[in-house]
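Let me put the structure up and walk you through it.

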Amino acid sequence: MDRIKKQINWGDSFRLGVTGKGVGVAVLDTGVCLHADLDGRVAAFCDVVRGRSEPYDDNSHGTHVCGIIGGNGAASDGRFQGMAPECRLICVKVLDKKGNGYASDVLAGLKWVREHREEYGIRIVNISVGSFSRKVMHEDSVLVRGVDAAWDEGLVMVIAAGNQGPRAMSITTPGISRKVITVGSSDDDQAVTVMGNRMVDYSGRGPTAACILKPDIVAPGSRIVSCSNQPQKYQIKSGTSMSTPLVSGAIALLLEKYPQMTNKEVKLHLRERAVDLGLPHNQQGWGLLDVKRLLADSI
């Protein structure tokens with residue numbers, strides 16, 4: 001099946017009876033443009049990088065991620081609808097206009113999310129950001145400790161596996177955390193352009209340096225259509241940054257249906273309902289995200 005078409009089918013959440021309504025998803029990224037598809041649902045914006053108060057995205061990566069999670073398709077007559085089109089988006093700018101950033105800014109963004117989680121009903125944190133520096137590739141790094149602390153407070157942490165594959169031990173930090181839900185790409189066999197570089201088999205593979213099997217789950221990440229930082233326009237991006245919000249959006253649907261689920265229960269549910277692709281665990285995790293199976297009362 002065409003991967004973009006599959007994304008749209010998964011995004012047709014109204015047929016599944018849930019839309020993510022009432023579920024807050026925090027997105028730590030390059031910011032957000034108030035695209036037509038996100039109109040009225042950006043509940044809060046925090047700019048760690050420049051301290052501005054009004055939402056903006058001088059890169060477009062963050063807006064693309066937000067559209068995958070919760071775009072309602074308004075600018076495309078519903079064609080490019082996101083996973084949870086009625087969820088609440090809380091956007092934290094931790095990366096600059098080039099998509100680069102500091103661990104300290106990510107940690108500051110996480111601190112802000114933790115302080116405001118009750119105010120905005122934040123249940124999920126999407127981090128399509130990762131570092132492959134030797135300084136942070138261990139479980140005691142500040143980034144891993146930061147996401148682990150948020151997980152321990154009950155937030156569902158959904159983190160990209162990174163685009164450093166296909167060799168082993170190529171999961172980026174903080175996706176190496178054993179607690180969080182680490183997302184790889186299910187269709188990285190396609191040659192795509194990621195951050196200006198032509199790549200194939202790009203999705204990060206485990207195990208981690210601590211011999212933890214990763215990623216946890218995979219979803220499409222190649223040539224995904226979503227919102228651009230131009231209010232009415234769309235663009236195509238690729239990478240595990242795109243796979244990750246598909247999973248975050250699916251979890252928003254799950255938490256609307258089962259609001260009492262804990263983050264540990266969410267993780268176990270994903271494991272039980274994933275579709276085995278027959279690939280090594282350190283490539284596919286538990287398998288492919290399947291939203292209908294995820295939300296089904298029984299399988």
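I'll start with the sheet and then turn to some salt bridges.

Quick housekeeping: this is a predicted model, where local features need pLDDT of at least 70, side-chain atom pairs count only at pLDDT 80 or more, and totals for chains, interfaces and linings use all residues. Residues are numbered from 1 along each chain as its sequence is written, and side-chain values use heavy atoms, with hydrogens and water left out.

So, the sheet. It's open, with seven strands in parallel pairing, ordered β2-β3-β1-β4-β5-β6-β9. Strands here are DSSP E runs of at least two residues, helices are H or I runs of at least four, both numbered from the N terminus, and two strands pair if DSSP finds at least two bridges between them. At the edges you've got β2 (42-47) and β9 (217-219), each with a single partner strand, so one side of each has no neighbour in the sheet. β1 (24-29) and β3 (88-93) pair over six bridges, and Gly-24 has Arg-88 as its bridge partner in β3.

Now, salt bridges, meaning a Lys or Arg side-chain nitrogen within 4 Å of an Asp or Glu carboxyl oxygen. How many turn up in the whole structure? Ten.

Glu-115 forms one with Lys-111, closest N and O atoms 2.5 Å apart. Both sit in helix α3, four residues apart, about one turn of the helix.

Then there's Glu-139 with Arg-178, at 2.7 Å, N to O. Glu-139 is in the loop between β4 and α4, Arg-178 in the loop between β5 and β6, so the pair ties together parts 39 residues apart in sequence.

Finally, Arg-50, Asp-58 and Lys-93 are linked in a salt-bridge network.
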